[in-house]
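Please look over the sequence and the structure shown here. A short briefing follows, grouped by topic.

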Amino acid sequence: MLVKIIVIFFMAGCQVKQVDTLEVLPGATSIERGKRLTFSYGCAVCHEISGINDYPGNIGPSLVNWGKQKYIAGAVPNRMPELILWLKNPQAIQKNSAMPNLNMTEEEASDIATYLYSQ
Ligand code: HEC
């Protein structure tokens, strides 16, 4: 189990690095940027997400039909500001959460949240 967690964190770390090298397409919408970021940050390593992974990431809960879910991590209402906070710092909402802090910016979190709600 510990090895599995270390491997997952390592994979997530590799994905984070890719973000630096991604070109941002001029004129891309928030949804398009969010989809790209969701892919680059490796969210699908842990989550099942429509349009991102062909295999089910099952470390975290499925994010399919995300907009229909009422709470984030069973703790706060599932709304845009709370989701942005969650993405930037999961432990700010759920102290012992297994979801890693991926050190993303406010803008990146906003684009990813927009993408998740567009599902
Ligand atoms: C290393 C695995 C891992 C990675 C990478 C990861 N997550 Fe998570 N995520 C989790 C876990 C585990 C939970 C459940 C945490 C909890 O409930 O405290 C979670 C919970 C969530 C939730 C709340 C789900 C719910 O049902 O309440 C959202 C939304 C979410 N993650 C989005 C993302 C997004 C977007 C990314 C990429 C930017 C991402 N996660 C990357 C493991 C991960």
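**The metal site**

The site of the iron atom of the ligand is octahedral, with angles of 86 to 178° among its six donor atoms. Six donors count as octahedral if opposite donors are over 155 degrees apart and all others between 65 and 115. This is a predicted model, in which local features need pLDDT of at least 70 and side-chain atom pairs count only at pLDDT 80 or more, while totals for chains, interfaces and linings use all residues. Residues are numbered from 1 along each chain as its sequence is written, and side-chain values use heavy atoms, leaving out hydrogens and water.

- The protein donors (N, O and S atoms within 2.8 Å of the metal, or 3.2 Å for Na, K and Ca) are His-47 (NE2) and Met-99 (SD), lying 2.0 to 2.1 Å from the iron atom.
- His-47 lies in the loop between helix 3 and strand 1 (71-72), and Met-99, 52 residues apart from it, in the loop between helix 5 (90-93) and helix 6. Helices (H or I, at least four residues) and strands (E, at least two) are DSSP runs, numbered from the N terminus.
- Both His-47 and Met-99 are buried, that is, under 20% relative accessible area (1.4 Å probe, protein chains only).

**Around Asn-78**

- Asn-78 sits in the loop between strand 2 (76-77) and helix 4.
- With a relative accessible area of 12%, Asn-78 is buried.
- Leaving aside neighbours within four places in sequence, Asn-78 is in contact (heavy atoms within 4.5 Å) with Trp-66, Gln-69, Lys-70, Tyr-71, Ile-72 and Tyr-117.

Methods
Tetrahedral: all angles 85-135°; square planar, octahedral: opposite > 155°, others 65-115°. Buried < 20%, exposed > 50% of the residue type's maximum accessible area, 1.4 Å probe, protein only.
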